[in-house]
Amino acid sequence: MSHVDWSSDIYVHSQGLRGLSFTENMSARVRARVPIEPQSVDAPLTRSATFLVVTVANTAQAVETVRSVLSDIDNLAKNVSIRDLSAAFACTVGIGSDAWDRVTRLPRPAELHPFRAIRGEKHTAVSTPGDLLFHIRAERQDLVFEFERQLLGALGDAIKVVDETEGFRYFDVRDLLGFVDGTANPVGDDVPAATLVTSREDASAVAGSYVVVQKYVHDMKTWNGLSTEQQEAVIGRKKLDNVELRDPAEGEQQPHKSLATIVDDQGNVHEILRDNMPFGSPGSGEFGTYFIGYSKQLWVIERMLQRMFIGHPPGLHDKLLDYSRPLTGVTFFAPSADLLKRLG
């Protein structure tokens with residue numbers, strides 16, 4: 001388990017994290033003393049979520065509107081969450097590289113830059129526009145809907161929606177390919193250790209988190225044409241009980257779960273927090289997974305994507321990409337809640 005230095009600049013609510021009930025989470029948050037308050041990156045997985053990506057109009061008035069709304073985002077959230085305190089409502093805001101300077105007027109996080117497209121021999125991780133991300137989640141879809149309605153009403157013509165994806169929990173947190181998703185997520189104290197920037201990484205970005213989003217659509221007909229054993233070899237886990245399969249030898253084709261695991265030269269595993277959600281519409285033939293990863297170090301997610309699209313070793317790409325194609329790719333930084341409040 002990773003060790004968190006509580007004597008450093010962030011004393012995070014270490015028990016108000018994944019693995020506890022929502023009531024326990026909230027109690028831990030109340031007890032904690034946080035000199036710099038993070039956003040709800042550690043909010044529990046919920047039944048519903050909306051991933052809203054927008055661009056900001058290139059006018060001074062639009063920027064002032066956005067700054068005002070972001071500074072008051074907590075109060076906007078309270079308008080909705082008060083209607084059902086057990087629904088685990090949360091909204092995390094990310095700010096993109098192109099919008100950071102004009103929206104915050106503060107020093108840039110050290111690693112923040114636009115999403116860099118990755119072109120492998122067969123597949124490409126595309127880069128698409130996005131100035132703001134609103135990761136809205138709750139146990140009730142009506143609360144998610146109502147918050148988004150109020151949010152967009154407040155933002156008005158200052159923004160343009162470029163992507164809106166509604167996610168849902170699918171059975172026992174499975175993706176639409178039929179496998180359990182998120183098994184490798186950190187839990188407990190490891191969540192802030194993996195997701196929240198400390199002064200040792202970047203003194204100007206303390207309590208913030210890098211966020212990468214990609215919207216993948218699946219070729220279900222081709223995927224369902226594989227045998228269960230073939231699917232398991234692609235993923236690296238048993239489909240029914242989620243048990244890990246033994247890794248192939250070094251230099252051979254690696255499964256998705258191995259390519260998505262980042263180990264540095266010292267043998268340290270670098271975790272990220274995934275809040276992926278299935279989305280889709282059977283009537284229109286759309287089936288997908290919305291990938292969203294939080295990390296205190298952007299390079300960890302970028303290296304994961306390099307391993308998937310380029311391959312490790314190069315040329316042996318993630319075979320999951322033969323059945324899943326990314327439509328979007330955007331990088332954001334979710335600053336501390338304190339920073340958002342200071343924008344007003």
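Ala57 is partly exposed, because its relative accessible area of 26% falls between the limits of 20% and 50%. The model is predicted. In it, Ala57 occupies the loop between E1 and H2.

**Surroundings of Ala57**
- Apart from neighbours within four places in sequence, Ala57 is in contact with Ala62, Arg102, Asp157 and Ala158.
- The C-alpha atom of Ala57 is separated by 10.0 Å from that of Ala99, a residue 42 residues apart from Ala57 along the chain.

**Helix H5**
- Helix H5 comprises the 15 residues 141–155.
- The buried residues of H5 are Leu143, Val144, Glu146, Phe147, Glu148, Gln150, Leu151 and Leu155.
- In an α-helix there are 3.6 residues a turn, so residues three or four places apart point the same way.
- The cover over the buried residues of H5 includes helix H2 (60–71) and helix H3 (73–81). Strands also contribute to that cover, among them E1 (48–56), E2 (90–96), E5 (132–138) and E6 (159–168).
- Just after H5, Gly156 takes a positive phi of about 55 degrees.

**His218 in strand E7**
- Strand E7 covers residues 209–218 and contains His218.
- His218 has a relative accessibility of 10% and therefore counts as buried, the cut-off being under 20%.
- When neighbours within four places in sequence are left aside, the contacts of His218 are Leu176, Leu177, Phe287, Gly288, Thr289, Tyr323 and Ser324.

**Backbone geometry**
- Most residues other than glycine have a negative phi, and most peptide bonds are trans.
- Arg105, which is not a glycine, has a positive phi of about 55 degrees. Its position is in the loop between helix H4 (97–104) and strand E3 (118–119).
- Ala207, likewise not a glycine, has a positive phi of about 75 degrees. Ala207 is located in the loop between helix H6 (190–195) and E7.
- With a relative accessible area of 1%, Ala207 is buried.
- The peptide bond joining His312 and Pro313 is cis, with omega at about 5 degrees. Pro313 lies in the loop between helix H10 (298–309) and strand E13 (324–326).

Conventions:
Residues are numbered from 1 along each chain as its sequence is written. This is a predicted model: local features need pLDDT of at least 70, side-chain atom pairs count only at pLDDT 80 or more; totals for chains, interfaces and linings use all residues. Side-chain values use heavy atoms; hydrogens and water are left out. Helices (H or I, at least four residues) and strands (E, at least two) are DSSP runs, numbered from the N terminus. The expected span of a helix is 1.5 Å times one less than its number of residues. Buried means under 20% relative accessible area, exposed over 50%, partly exposed in between (1.4 Å probe, protein chains only). Contact means heavy atoms within 4.5 Å.
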